[in-house]
Every structure is written in structure tokens, then in C-alpha cells.
Amino acid sequence: MQIINGTVRVFRKNPLARSLWARNSCSKLFVGGLSYDTNETVLKNAFEKHGEIIEAVRVIAHHVSGKSRGYGFVRFTSEASAIAALKEMHSQVVDGRNIRVEFAHKG
């Protein structure tokens with residue numbers, strides 16, 4: 001975040017800075033760029049080392065075909081765990097693909 005002449009600017013290149021500025025307290029992460037073969041077990045195993053997960057990890061699938069849409073969500077017991085997971089997992093390789101991790105938007 002940068003303040004110039006009273007105007008607040010959020011750095012666009014840093015997803016953590018953007019997320020911290022744009023959200024309220026949140027422990028739910030959006031995980032994008034998943035392989036279409038990635039399932040909930042793989043996603044949970046990749047993230048659980050960063051803290052206790054309270055909500056079932058979900059990989060979103062097409063309602064007719066059942067095929068993964070390439071993204072999912074992970075909810076941690078604490079915001080600190082979510083922040084640690086975001087820092088460590090953003091741009092990491094899971095199931096052969098670089099993933100994108102951001103705080104989930106409420107909406």
C-alpha cells in the first residue's frame with residue numbers, strides 16, 4: 001500500500017497486499033489454477049501443513065459433467081493460518097500446475 005497526496009494505492013503485483021487491504025478478517029482462501037485432475041484430498045494435503053482446516057476443502061465441479069472447474073476453497077480455523085498458507089502456497093506447484101491463492105471474496 002502506498003499513500004501519495006492523500007490517495008491510497010494498493011500494489012497490484014503483490015496479492016497479499018491487495019488482499020489485506022480489500023478484505024475484512026477472513027480465513028477462507030480461493031485456490032485457482034488447479035489441474036482438472038486435482039481432488040479435495042490432494043488440495044487438503046497441500047494446505048493442512050499451514051494450519052487446521054475447519055471446512056471441508058472443496059474443488060468446484062461442473063454440475064452436469066462432474067469435471068473440475070480448476071478452482072476450489074480452503075477455510076482455516078484462524079486468519080493467521082490462512083495468511084501463512086497464502087504466503088507459502090501462492091505460485092507453488094500442486095498436481096503439476098502453478099496455483100494462485102487469494103483471500104476468498106465475500107459475496
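This is a predicted model: local features need pLDDT of at least 70, side-chain atom pairs count only at pLDDT 80 or more; totals for chains, interfaces and linings use all residues.

**The whole chain**

Residues are numbered from 1 along each chain as its sequence is written, and side-chain values use heavy atoms, with hydrogens and water left out.

The protein chain has three helices and eight strands; helices (H or I, at least four residues) and strands (E, at least two) are DSSP runs, numbered from the N terminus. Followed along the sequence, the elements give the pattern β-β-α-β-α-β-β-α-β-β-β. Of the 107 residues in the protein chain, 37% are buried (buried means under 20% relative accessible area, exposed over 50%, partly exposed in between, with a 1.4 Å probe and protein chains only). Among contacts (heavy atoms within 4.5 Å) with a separation of 6 or more, 59% join residues 24 or more positions apart.

**Strand β3 and K28**

Now select residues 28–32, which form strand β3 and include K28. Is K28 buried or exposed? Its relative accessibility is 17%, so K28 counts as buried. Display the residues around K28: apart from neighbours within four places in sequence, its contacts are E55, R58, F73, V74, R75, E102, F103 and A104.

**Helix α3**

Move on to α3 and colour S81, A82, A85, L86 and M89, the buried residues of this helix. Viewed down the axis of α3, these buried residues fall within an arc of 135 degrees, so they line one face of the helix; the arc is that of the directions from the helix axis to the C-beta atoms. Turn to the other side of α3, where A80 and K87 are exposed.

**Two residues with positive phi**

Proceed to S91, in the loop between α3 (79–89) and β6 (93–94). S91 is not a glycine, yet its phi is positive, near 75 degrees. With a relative accessible area of 42%, S91 is partly exposed.

Finally, select D95, in the loop between β6 and β7 (97–98). D95 also has a positive phi, of about 55 degrees, although it is not a glycine. At 40% relative accessibility, D95 counts as partly exposed.
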